[in-house]
Amino acid sequence: MCGIVGYIGPKGAFDILIQGLKRLEYRGYDSAGVAMVDADGKINVHKSRGKVANLERVARAGDTSGSLGIAHTRWATHGEPNDINAHPHVSQSGEIALVHNGTIENYAVLKQALEKHGYTFKSETDTEVLVQLIDYVKHHNQCTLQEAVREALLQVDGAYAIAVVEKGDPDTLIVARKSSPLVIGVGEGETFIASDATPIIGYTDRVIYLKDNEMAIIKRGGDLSIRNVKSSTPTQIDIQQLKLSLAQLEKGGYDTFMLKEIFEQPSTLRDCLRGRITDDCSRVVLAGVEMHKDVFLKAKRITLVACGTSWHAALIGKRLIQDFCRIPVEVEYASEFRYGNPVLDSDDVVIAISQSGETADTLAAIELAKEKGAFVYGVCNVVGASIPRATDSGTYIHVGPEIGVASTKAFTGQVTVLTLLALAIGQLRGVTDKDTVRSVASALREIPDVIEETLKCDPEVKNISRIFTYAHNFLYLGRGYNYPTALEGALKLKEISYIHAEGYPAAEMKHGPIALIDQEMPSVIIAPSDYLYDKIISNVQQVKSRGGAVVAIVSKGNTAMNDIADYCIEIPAVPACLTPLVASIPLQLMAYYIAVNKGKDVDQPRNLAKSVTVE
């Protein structure tokens with residue numbers, strides 16, 4: 001969840017580190033800190049509770065010299081957010097500084113052992129235990145920092161991405177990773193490290209994605225070597241080209257990243273669809289499926305694993321795959337799947353869905369599925385992330401960097417790819433006829449234009465949102481393909497406005513939630529003109545008869561709902577299987593404007609971070 005950045009080269013490190021932290025702040029913003037090693041080898045550490053702007057103000061009042069530095073923006077796991085618990089952490093000897101993303105699971109045992117050797121601890125963090133352990137190993141074994149880092153990591157259980165510097169050595173930066181992401185940017189005589197590629201963009205387009213159990217020793221001037229932590233043997237350096245631009249990381253005239261990302265969806269879905277549907281719409285072509293036709297032909301069952309918004313996309317994917325492929329499908333929370341005892345074999349396909357490609361629970365679910373012999377297919381946004389590397393095959397959603405913590409364009413990208421995947425497997429297995437493929441693929445190819453039209457509801461949604469800014473509870477209802485859309489709408493509202501909201505299948509309202517409905521609890525009901533419309537009408541009437549206010553999402557031209565619902569937001573008519581892509585747009589906008597009206601920070605909501613890389 002936390003963000004790490006580091007630099008070694010001819011330039012002053014501080015400004016590069018601060019800029020990098022600002023780009024990584026979506027990963028955590030409880031506290032932040034920097035450590036620079038100056039030309040004399042002195043370590044200057046500055047830390048502050050709160051956002052990176054607080055750190056920048058505090059640090060500029062002190063010594064920020066040095067062309068080697070490490071920095072960190074924190075999402076708290078062990079210890080409350082404060083200056084003491086902020087990273088970097090410095091060893092008791094004052095010789096070693098370290099930043100860390102991840103969780104050291106056996107930190108309590110290590111801490112007790114270190115206390116017996118005279119170490120005392122200032123913070124409540126597991127990270128301080130790690131830096132003290134490295135310090136102990138270095139002095140006890142009288143070895144180099146590189147050797148001490150490796151030996152310490154062999155004693156650690158859990159996940160980590162770390163960057164380490166040493167007093168007296170302004171020419172060396174050591175980094176390592178296990179189950180937490182770390183990227184190395186290779187420049188001209190300078191090197192950058194970060195939790196993801198965003199801080200590196202603008203400096204170099206050459207990157208190395210460090211693999212699990214790898215440690216890199218980076219020297220001034222760009223000299224770099226990578227070794228396996230367990231065996232200490234050198235590993236091959238694989239430099240890849242980064243295909244991101246600075247423009248993708250800027251707000252582009254919008255007030256927030258979230259609003260920008262909502263309005264980007266027509267263009268991001270065009271990128272997502274490009275080259276995947278033939279010109280005559282007769283076929284869907286996904287390289288990940290084409291290369292493994294035998295796997296999908298023999299598949300007896302498909303299990304989708306995901307977390308959060310990706311789990312909602314997976315629920316839509318379940319219905320898509322069952323409808324178009326006629327294969328039994330299950331959907332599991334990755335956090336439950338990884339600790340269950342799933343029945344899997346070589347005829348099972350597990351589809352892992354993650355925007356970041358670094359979600360800890362989803363990665364663990366992948367490992368378990370592979371151990372049991374299942375074929376694992378990834379649906380991910382971030383190129384080069386851990387999940388694409390861990391899976392047997394997969395498809396990128398190609399929607400570009402998503403900076404806002406509340407996912408918007410990644411959700412529609414995931415649903416789009418899952419629609420393509422269902423069509424591709426269905427046509428491969430011969431259970432979806434050509435006319436159906438052509439009809440749905442043709443409609444899907446028009447979805448970017450349809451969403452562009454849907455976004456014209458922005459002023460209307462903005463006005464409606466003012467009315468409900470002070471609600472304390474919301475109910476979101478949908479049926480069929482749009483039950484998961486209701487779940488996603490409720491999640492968006494919860495995440496950024498802090499209003500309690502629940503999503504339900506509309507028919508389940510009578511089995512409990514209807515007891516909550518009164519004049520103080522509005523309902524948002526997704527009611528497109530599809531085969532379930534008459535059923536939804538009945539649900540709306542049940543809410544209205546109990547005094548509840550109703551905001552209805554209806555197909556364009558449907559005037560019947562105007563006489564029942566309090567407010568109707570029209571969306572263009574599309575095939576039922578594609579309605580989640582369109583209906584989610586006004587739900588995203590509604591959550592956004594309610595949160596803005598309440599004065600909330602929509603890009604960085606409290607207690608949340610973009611990439612959940614710890615349990």
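Good morning. I begin with a pair of residues: Val554 stands opposite Glu570 in strand β24. A strand here is a DSSP run of E of at least two residues, and a helix is a run of H or I of at least four, both numbered from the N terminus. The model is a predicted one, in which local features need pLDDT of at least 70, side-chain atom pairs count only at pLDDT 80 or more, and totals for chains, interfaces and linings use all residues. Residues are numbered from 1 along each chain as its sequence is written, and side-chain values use heavy atoms, with hydrogens and water left out.

Let me place that pair in its sheet. Strand β23, residues 550-555, runs parallel to β24 and is joined to it by five bridges; two strands count as paired if DSSP finds at least two bridges between them. Both belong to an open sheet of five strands with parallel pairing, in the order β21-β20-β22-β23-β24. At the edges are β21 (500-505) and β24 (567-571), each of which pairs on one side only. From one strand to the next, the twist averages 20°.

I turn now to an antiparallel pair. Strand β12, residues 214-219, pairs with β13 over five bridges in the antiparallel sense. Ile217 has Ser225 of β13 as its bridge partner. The two strands form a hairpin with four residues between them, and Gly221 in the turn has a positive phi of about 95°.

Which residues of β13 point to the buried face? Leu224, Ile226 and Asn228 do, and they are buried (under 20% relative accessible area, with a 1.4 Å probe and protein chains only).

Finally, the cavities. A cavity is a set of points on a 1 Å grid, over the protein atoms alone, where a 1.4 Å probe fits but cannot get out; lining residues have an atom within 4 Å of a point. The whole structure has two cavities of 30 Å³ or more. Of its 13 lining residues, the closest to the centre are Thr77, His87, Gly102, Asp126 and Thr127. Strand β6 (96-104) and helix α4 (126-141) each give two or more residues to this lining, and β6 gives the most, with three.

The second largest cavity holds about 30 Å³. Its lining consists of Arg479, Ile526, Pro528, Asp530, Leu532 and Ile536. Thank you.

Definitions and conventions: 1 Å grid on protein atoms, 1.4 Å probe; cavity = no way out; pocket = protein on both sides within 12 Å on 5 of 7 lines; lining within 4 Å. Points joined across faces, edges and corners; volume = space filled by probe spheres on them. Axes fitted to C-alpha atoms, helices over the stretch in contact; angles between N-to-C directions. Buried < 20%, exposed > 50% of the residue type's maximum accessible area, 1.4 Å probe, protein only.
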